[in-house]
Amino acid sequence: LNQNDWNSVSIIPVGGVPRIISGNFGGVLVSFNGADRVGVDGFNTGGNALTFDNQSVSTVATISFTNDAHLDAFQNITVLGSNGNTTGGVVQFGTATSTGNDSITFSTCVIGASAGGSPANCVYSAGTATAGMENSVIVFNTCNIENYFNATFISTGIQAAAGNTGW
């Protein structure tokens with residue numbers, strides 16, 4: 001989703017059965033490029049029923065945030081990926097153009113390994129190091145961050161590198 005003039009966008013599965021957005025994709029599966037006020041709620045009558053799954057073993061995220069995405073909320077979803085890069089993650093926060101990727105919340109979610117393999121990091125953020133342009137107010141509330149491993153490098157559940165504040 002790119003930046004636009006909308007007031008808000010909601011993504012909610014319907015039908016009472018699990019919904020999966022997946023692929024073995026060499027690029028980011030879902031990119032929030034400057035997207036503001038997006039809500040994704042994976043809950044339906046079957047529980048957490050919305051899954052994002054990028055099975056590619058290339059060094060790409062399943063979900064990424066770039067160019068000042070803010071006020072985005074995700075709850076009751078599963079995000080799976082195989083990004084083995086030490087400077088990448090299943091969920092990844094990148095650089096900004098003016099204010100940073102800010103006020104993004106994940107609640108009651110699962111973030112972990114895809115069938116393609118284990119990621120080196122489940123969450124990785126490397127923002128813009130300029131004051132006022134950092135990635136900030138990023139929240140993971142009651143989420144399971146699981147099944148990350150790389151035998152060659154240090155693996156982390158959440159890694160906030162340079163250009164981050166107020167996590």
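This is a predicted model: local features need pLDDT of at least 70, side-chain atom pairs count only at pLDDT 80 or more; totals for chains, interfaces and linings use all residues.
Local features require pLDDT of at least 70 and side-chain atom pairs pLDDT 80 or more, whereas totals for chains, interfaces and linings use all residues. Residues are numbered from 1 along each chain as its sequence is written, and side-chain values use heavy atoms, leaving out hydrogens and water.

The protein chain contains 0 helices and 18 strands (DSSP runs numbered from the N terminus; helices are H or I of at least four residues, strands E of at least two). Its radius of gyration, taken over C-alpha atoms, is 15 Å. This agrees with the value near 15 Å for a compact globule of 167 residues (2.2 Å times the number of residues to the power 0.38). Of the 167 residues, 46% are buried (under 20% relative accessible area, with exposed over 50% and partly exposed in between; 1.4 Å probe, protein chains only). Among contacts (heavy atoms within 4.5 Å) with a separation of 6 or more, 85% join residues 24 or more positions apart.

Five strands form an open sheet with parallel pairing, in the order 2-7-10-13-16 (pairing requires at least two DSSP bridges). Strand 2 (19-23) and strand 16 (144-145) lie at the edges; each has a single partner strand, so one side of each lacks a neighbour in the sheet. Strand 16 pairs with strand 13 (residues 110-113) over 2 bridges. Here Val 110 stands opposite Asn 144.

Thr 66 belongs to strand 8 (residues 63-66). Thr 66 is partly exposed because its relative accessibility is 23%. Beyond four places away in sequence, Thr 66 touches Phe 32, Asn 33, Gly 34, Gly 94, Thr 95 and Asn 101.
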